[in-house]
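Please keep the structure in view while going through the numbered points.

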Amino acid sequence: MSPTRREFLGTLGAAGAVIALRGTQGVYWATEEDDRGWAPGIESRHKSACLICPARCGIEGRIVDGRLVRIQGSTLHPMSRGGVCPHGVAGVQMLYHPERLAGPLIRTGDRGAGEWREASGDEALGMVVDRLQSLRTAGRSDALAVLAGYCAGTMNDLWNQFLTAFGSPNYVSDASEDGSEAVMSLMHGISRRPSYDLERSELVVSFGAPLFESWWSPLQAYVAYGGVSDGEFGRPRLVQVDTRFSRTASQAQEWVGIRPGTHAVLALGLAYVLIRDELYDADFVAKHVSGFENYTDEQGRVREGYRSVVMRGYRTEEVSAITGVPVERITSLARALAEAQPATVVCGNDVTLSPQGLLAGMAVHSLNVLLGNINRPGGILFGEDPPLLPLVEPTLDETARAGSARTPAAGEGHPFGAGNQALRFAEAVAAGDEGDVDTLFVYFANPLSSSSRPAVWERALEKVPFIVSFSPFLDETTRYADLILPDLTAYERWQDAPAPSSYPYMAWGLARPVVEPHAGGTSTGEAILSVAQRLGGSLAQSLPYESIEALLQERARGLFGARRGMTFGNEFERRHLRQMEERGWWLPEHSDFDSFWSELVDRGGWTDLFHDNTDPAGISSRGDGRIALFPERLVAALEAEGRGRRPYVTIIDEEVAPEGYPLRLIPYRVSKLDSGSLALERWLAEQPTIFPDVQWVPWVEVNPETSHELGLGDGTMVWVVSERGRYRARLKVFPGTARENVCAPYGLRHPNGEVANPLRLLDGSGDPLTGLPAWFTTFVRLERA
Amino acid sequence: MPRWGMVIDLDRCTGCAACEVACKSENNIPTVSAEQADMGRALSWMKVETELEGEFPETRLLFFPRPCLHCDNPPCIKVCPVRATYIDEEGIVGQIYARCIGCRYCANACPYTVKYFNWYDPEWSESERQHLNPDVSVRPKGVIEKCTFCHHRLQKAREDAAAEGRELREEDYQPACAEICPAGAITFGDLDNPNHRVHELKEDPRAFRVMEDLGTEPKVYYLRPRE
């Protein structure tokens, strides 16, 4: 029977009343049981620094009711000026990632079996302290090692201070290197990576530097390229010399496609034109450079100088035949370099990650020297570190002194660089006895995923009885740990964020907690301080800081007293400061440190935009004050080698593809994130690269003709196979790849967690001078998966 | 009455996709599974499309950030049987999710393919819900969604300006994509206001609109790359 109209209305009335009641209850009489998520909607914004990659951009968090809902660029940051890259924006997905560890875990089952029990921070730290205490008691303080990924500023100082006071020489860096530091150290006597004044440059010629992808600060390149300057400078023209049609190459005004491994030949071919047509800066070379003309060495022998080496060996036609770059383009590029005042030549990984990487890097950099673009506005310069107060002088007891004096587990390194230190460490540990390294701290590193030799790392980790990981995620290496002390994310902790080396001025950003910790965990910095306090004695004296915030505040007193620079400010303030300091003026804005500090925190950092371009020490710190084109130490080392190598004499090793492996592997970084962190942020997995149809699944780029010949079409899952190993990826047909190459992104994993790491296929060769691996000498084949 | 529009300088775009991710974060756009993404079901109100020409080594690649073009004569609103998609008096083409019946006529009518259909309920874990923007509603399964020029920001900016007793300024209202672009490629403002940068930029000799011959009158202009 159907209800009558009256009955129906009656029911509706009752239901309506209930709905109305429940509705108002939420608004006016919210009770504790009411969990409909009513919130007052209190909103605030805080400046901080992004710590995802080395660029350390300025960010601003929008916080609603204690939740970080948006990350935007900080308009006050001198470089980012309101912009930030997609990784920075997606940081909220790192903070609120569902797989973040909730707190410390202690392994209960076999290693790698994934059996854990939860522990309190106190218990976990106690475990570390007991272990370390017993090492010190046994006089084996050097059995502690720290493996750290990219680590700059105070965190780096903190680890080193801890190890020094503890008594271990084993700080092992797993950060990626581009080899430029070794070049600068040899030629200029200045041991630091160069800075690039891209914005004030007229022409930027990049030899394989991934400016828009995985450079020190892609944002710096975006800002310069977009001409988003403070209105003072025009946009530079960008020429990209690259073996593959990279994102940088695709947006450059000119892409010079080049055969792998021939960048140095092209650079010297350009030098040939500059010298032949007398387009180089003869005045600069005469004043500041040694080794350009023939010279007499320390033994009194007459040696051939740069000019005659280049004029003899790099005739344009020959260079063209080797590099594959047409003669006209070589000539026109050389002329453009000479005309642009100033121009900058940037040297990237593609040059230095090769068997002759150091010599190739010097050849490319010699263009900057010839053009006199050193320490000039718009050229290359050497930056300074912000004038922070140092940490307290470490107190060393007997154990510390003895331990620090021992040989590091990774060995002494290579004659001109510490390249691949992490792998050397792993090899040494794997070859040694169990317990040689007793305790390993893993900080911002995940070698089981990112290393080219995960098997070596597995063997090494088996030899280490106690592994502590500080990762907030259960990554491959962390799964292998005995104790996990998850770090907080960048939005929940204090840390300083010094600008990367590529900045042409000083900037010291400050990351601070913008929200309460979302998951349990301890900031690793605080953990170090706390372990030091519990160990007591000289360790406690060496790290006498209450908290990281207190430590940073103490160090910032150096900035306050420096009588230069300012806290981050707007465009007007930036220009004002620059103009004042150019005229030798500086006005104090704060009468006391507390107001300085509070403004520094509010604005997200401190900067000094002024760089003295007139200081001769900015060109060379060598004894003779000149830039050495033929550094004696290197020349001597090459002579001792007995292969007839000299700087600027390029020996191109004829490479033959091994039978059955017809394609050359060209690995490249999609971003500066080396350990596959990209997969963590889901928004980024949807847009990892330039291809709108490539999402989630790691890919390799293949020329359409190659794809046709192999019968492997777009989208096919393939095995990329070398003599050393294989991995799975999806084939992407891309005409920007040369027929004989396979371009393989590094730093990705499949949605199921399977690592797709092309470095595992590498043949293991490298530059013996720097220890850096060679990335472009491996041949592969593709098989249907 | 303002007429909101955008100018995207293709000469400055580096294809970094900050605009895309900023849009997703601002507008609570969910991700779909890898398999669904393969079927073209990922949602991206702002999408950096690419155009590739030529063969190695004479290859050319153009990045083409594509929001909703907010046509003055939008084909999508004409086919909507329930008036879920509409154009307001300031030229913003919006979508009323509660009205949408999921017929997808508008998605098919849009020549620029900027309308996205929710084939599934959005998946946000308990933890991820924390970063949802409270100013933008989360869409359910079965409705169309699209770029709104972040019009929730306009509402807020108007209220703020009114509270301070002043006119709305250009910088008060910027969508997330324009705000974040590190290369300064995206400019947003009132096309009819001579004090706004877009007013001048749209008259640039490099300016063009996509598929202008359709008569859709899009309010997103592009600036050709310089040769």
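**Notes on the predicted model**

1. The centres of domain 1 of chain A and domain 2 of chain A, taken over C-alpha atoms, are separated by 39 Å. The model under review is predicted, and this should be kept in mind for every point below.

2. Chain A is divided into three parts by domain assignment.

3. Which helix packs with helix α5 of chain A, and at what angle? Helix α5 (residues 153-166) of chain A packs with helix α21 (residues 524-535) of chain A at about 25 degrees, and their axes are 10 Å apart. Because angles under 35 degrees count as roughly parallel, α5(A) and α21(A) are described as roughly parallel to each other. The crossing in which α5(A) passes α21(A) is left-handed.

4. The residues that make this helix contact may be located in the structure. From α5(A) come A:M155, A:L158 and A:F162, while α21(A) provides A:G525, A:I528 and A:A532. Sorted by class, the contact of α5(A) with α21(A) comprises five nonpolar residues and one polar residue, with no charged residues.

5. Chain A also contains an open sheet of three strands, in the order β1-β2-β3, with antiparallel pairing. Its edge strands are β1 (43-49) and β3 (67-73) of chain A, each of which pairs on one side only. From one strand to the next, the twist averages 25 degrees.

6. How many bridges join β1(A) to strand β2 of chain A? There are seven bridges between β1(A) and strand β2 (residues 58-64) of chain A, and the two strands run antiparallel. A:R45 has A:R62, in β2(A), as its bridge partner.

7. The final point concerns the two chains. In chain A, 51 residues are in contact with 41 residues of chain B. Several elements of chain A each supply at least two residues of the side that touches chain B: β3, α2 (86-89), α3 (91-95), α7 (218-226), α8 (247-251) and α27 (682-685). The largest share of that side, six residues, comes from β3(A); β3 of chain A is also an edge strand of the sheet. By class, the side of chain A that touches chain B has 28 nonpolar, 18 polar and five charged residues.

Note on methods: Residues are numbered from 1 along each chain as its sequence is written. Chains are lettered from A and ligands numbered from 1 in the order in which they are written. This is a predicted model: local features need pLDDT of at least 70, side-chain atom pairs count only at pLDDT 80 or more; totals for chains, interfaces and linings use all residues. Axes are lines fitted to C-alpha atoms, for helices over the stretch in contact, and angles run from 0 to 180 degrees between N-to-C directions. Helices (H or I, at least four residues) and strands (E, at least two) are DSSP runs, numbered from the N terminus. Angles under 35 degrees count as roughly parallel, over 145 as roughly antiparallel, 65 to 115 as roughly perpendicular and the rest as oblique. A crossing is left-handed if the near helix is turned anticlockwise from the far one by less than a right angle, and right-handed if clockwise. Two residues are in contact if their C-beta atoms, placed from the backbone, lie within 7 Å. Ala, Val, Leu, Ile, Met, Phe, Trp, Tyr, Cys and Pro count as nonpolar, Asp, Glu, Lys and Arg as charged, and the others, Gly among them, as polar. Two strands pair if DSSP finds at least two bridges between them. Domain bounds come from an automatic or database domain assignment.
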